[in-house]
Structure formats: structure tokens, C-alpha cells
Amino acid sequence: MASFLNNLFSSPYKKYNFKDEQFNKDPLAWSRPLVRHHCGEFSMAAIQANTDMEDESQVEVGTDALFVGVYDGHKGMIQQNNNSMNEIILRQVVDQMETDFNEFARNSFEQHHEVQNSFVSSGCLICIIWKGTLFVANVGDSRAILGSQKGIGKRLVVKQMVRDHSFLNPNIKQEFTELHPDYNNRSRYQSIEVKGLIETSRCIGYAYMKNAQFTKRRSFEIPLSEVVTPTFTRPLLSSQPDVYSTVLRDSDRFIIFGSGGFWKLISNEKAARVVNTSPRDRIAERLVTLALEKGAAKRGKKYRDLIEIPKSNCISGNNGNRNYGFRSAYHDDITVIVVYLDQRLNREGVTPEINSYTGYDYAVQQSEFTNFYNNANA
């Protein structure tokens, strides 16, 4: 009976031992200590693998709102709309990012005859907590999972809030091949997979696979390494986001945001168990460390062995990244943000500072929420 009660009322998960020596010694690692927001705290950490850090992230803290973004290369902010927020606005934000990205690629080609920007793409995971409601939108292979404690025994319940669009997901692969119901589209997927052109069916950018002026234009010379065969006349990729919203409950404890490089190595359940059974301090760092240990172990190494291995000398998607002499052979760029949700607002009566925090950067800037509040009160 004692054993039964112990299993029922105590955490069923083991404690995860964490030693920060390796992370602290890693020249490619970055983290930010706990920062307070209006209904809890958050933690950030990241690791670089490619020649440039392709993951980017931001957290915007307001007096009664929180914005989180995980993406690589381009940033977007939630705009004011009669002091309200809904899923339609999130879709509009992603749509504007797509429009701006493709316009940049078009101008690069027409004005400077540069084609490379037509093959650049970015995932985009954005979230805002606003008036007790959580809104999330996602394009690409980043994920956001919600951890809740429910029932008498405070059982951990894990929910992935929006679908990711990674080709590792069989449903996404099937969705792509059914975009055009013919044999050629299956061949196009194989062409994309073999060349390693992109790992997702949805993204911001990659104008070549979406926009006719790049796909059909004779003057647009496509490098052989980027050519998708057979030729196509309709978009192969989409920028349509999956969106989700929910009213937060007292049982909701935390949200884990991670870029695709993190979720390639750690499952939703594993990440949630670690957060649920670990101290808050340096929690994002703990998750990144676990991912690095997993990536190293898959190649018969330990994390300490990776510290002396330099970052790649090329961008992601390049075959050179598979060279064991570079860090990118063991893991991708990784970003993790953990947001704790406390039941009482402004715990200990402390109002958070309205600041902006950017991943892989120790600087703190004034948040765009300042302009939001000024406009709302004008």
C-alpha cells in the first residue's frame, strides 16, 4: 500500500542530474538566467553549429503580456489592433513576414542579380500570452508544448499546441506528396529529400519553390544544387501557419519552445519530464545540454568531446555539414525557451520590467510593448 501511495502522489519521473561544467566551457553555448514576466518566469539557452547562428529568438515582456518568437533570420512583432488579440492577427503577422521576405528576394534578383536569397527559408513560431489567453502560430519544424499538472496526484499532461511541418512526420510527408495528385510530385519530394534542400513543407521564404517569377523566369538561373525535378508550375511549399489558442488554467505549469534542432534529439515527453522535475534555475540550459549529450552519443561521443570541435564553415543544408570535423555533424543550431506559468500574477508583488530579450545576445533592449501601451493609452 505504501508503495502504491508513493507512486500515486509523488512524481513518477526520475530526477535528471545536471552538471553545468561542459555547457559553461562550450564556446558555442549561450544562456540567459531566469527573468520575471507578468505571470511567472522564463529561461533561454542556445547552441550554435553552423557558420552563422541561423536560429534567432526573442522574448518581449509587457506589464500584462508576453511575446515569444523562435525563428531564424527574421523577426516579427504583434501589432496593435483595437487593443485585442486573436488567431486572425497571428495569421496576418505570418503572412506579412512571407510577403516581406519574398519582396526582399525579388529586389535582390532584379537590382543586384543575386539569386541566393530565393533559396533562403525560415521557420516561424510565435506566441503571445494576452489577458489570460495563449495564442500560438507556427510555420516550420519548431514546436511549443504545454505542460500541465492534473488530478489528485498532479499527473503531468503534455500537449503539443501546434503541429510542426517536418518531413520526419509521416503525415506531413503524405500531405506534401498529395499537394498535386500525380506521380511527378512524389518524384519532386524525392529530389528535395536527396539534395537536402529543405526539411519542412511550410516555411517563410524559399521563393523558388513558391513564386512563379522565380520558377518560370528564363533569366533566373537556378544552381544545379537547387534544381527540383521534374519541373513544376505550381507552388511546392506553403507559408500557411497552424494556429492555436486556449484560455490558460491554474493547472497549466509551463511552456517549452524549441527550434527544430532541439526536437530532432529530444521528445516532447522527455523535455516536459525534465522541466517538471527540475529546479527552475538554468532550466533551458539543462534541456540544451541533454540534447547535446544525445547528439554526441549518436556518434559514439560525449558532450565534453564536442567542445573542441568548431562550428561548421558553411550554412545549413550544405553537404559539408556532415563532416565529423564540424559541430554540425552532431547537432543543428538549437534554441530553447522555457516559460513558467504561476497561478498568481506578479508573484511577490513585483511588476516586471518592459524589456526585450534576444537569443544569443546578452544585451537588453526596450520592448516594443512600450509603444503598444503608449498608443493604447493615447
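# Packing and pairing in a predicted model

In this predicted model, the buried residues of helix 8 pack against strand 8, strand 9, strand 12 (252-258), helix 7 (260-263), helix 9 (283-297) and strand 13 (334-340).

Student: Which residues of helix 8 are buried?

Tutor: Helix 8 covers residues 268-277. A residue counts as buried when its relative accessible area is under 20%. In helix 8 that holds for Asn 268, Ala 271, Ala 272, Val 274, Val 275 and Thr 277.

Student: At what angle do the axes of helix 8 and helix 9 cross?

Tutor: The two axes come within 10 Å. Helix 8 passes helix 9 in a right-handed crossing. The crossing angle is roughly 140°.

Student: How many nonpolar, polar and charged residues are in the contact of helix 8 with helix 9?

Tutor: Helix 8 brings Ala 271, Val 274 and Val 275 to this contact. Helix 9 brings Ile 283, Arg 286, Leu 287 and Leu 290. Sorted by class, the contact has 6 nonpolar, no polar and 1 charged residues.

Student: Strand 8 and strand 9 form a hairpin; which residue in the turn has a positive phi?

Tutor: Strand 8 (residues 143-150) and strand 9 (residues 155-160) pair in the antiparallel sense over 6 bridges. Within this pairing, Gly 147 stands opposite Val 158. The hairpin has 4 residues between its strands, and a phi of about 85° belongs to Gly 151.

Student: Why is one side of strand 11 and of strand 15 left without a neighbour in the sheet?

Tutor: The open sheet has 7 strands in the order 11-7-6-4-3-14-15, with antiparallel pairing. Strand 11 (242-247) and strand 15 (364-366) stand at the edges, so each has a single partner strand.

Student: Is Lys 210 buried or exposed?

Tutor: Lys 210 lies in the loop between strand 10 (204-205) and helix 6 (212-215). The relative accessibility of Lys 210 is 14%, and the cut-off for burial is under 20%. Lys 210 therefore counts as buried.

Student: Which side chain is joined to that of Lys 210 by a polar contact of 3.0 Å?

Tutor: Leaving out residues up to four places away in sequence, Lys 210 touches several residues, among them Cys 203, Pro 235, Leu 237 and Ser 239. Glu 98 is also one of the residues touched. The polar contact of 3.0 Å joins the side chain of Lys 210 to that of Glu 98.

How values were computed
Residues numbered from 1 in each chain as written. Predicted model: local features only at pLDDT ≥ 70, side-chain atom pairs only at ≥ 80, totals over all residues. Heavy atoms only, no water. Pairing = 2+ DSSP bridges. Helix = DSSP H or I, 4+ residues; strand = E, 2+ residues; numbered from the N terminus. Buried < 20%, exposed > 50% of the residue type's maximum accessible area, 1.4 Å probe, protein only. Contact = heavy atoms within 4.5 Å. Polar contact = N/O pair within 3.5 Å; in protein donor to acceptor, adjacent residues only side chain to side chain. Axes fitted to C-alpha atoms, helices over the stretch in contact; angles between N-to-C directions. Left-handed = near helix turned anticlockwise from the far one by under 90°. Nonpolar A, V, L, I, M, F, W, Y, C, P; charged D, E, K, R; others polar.
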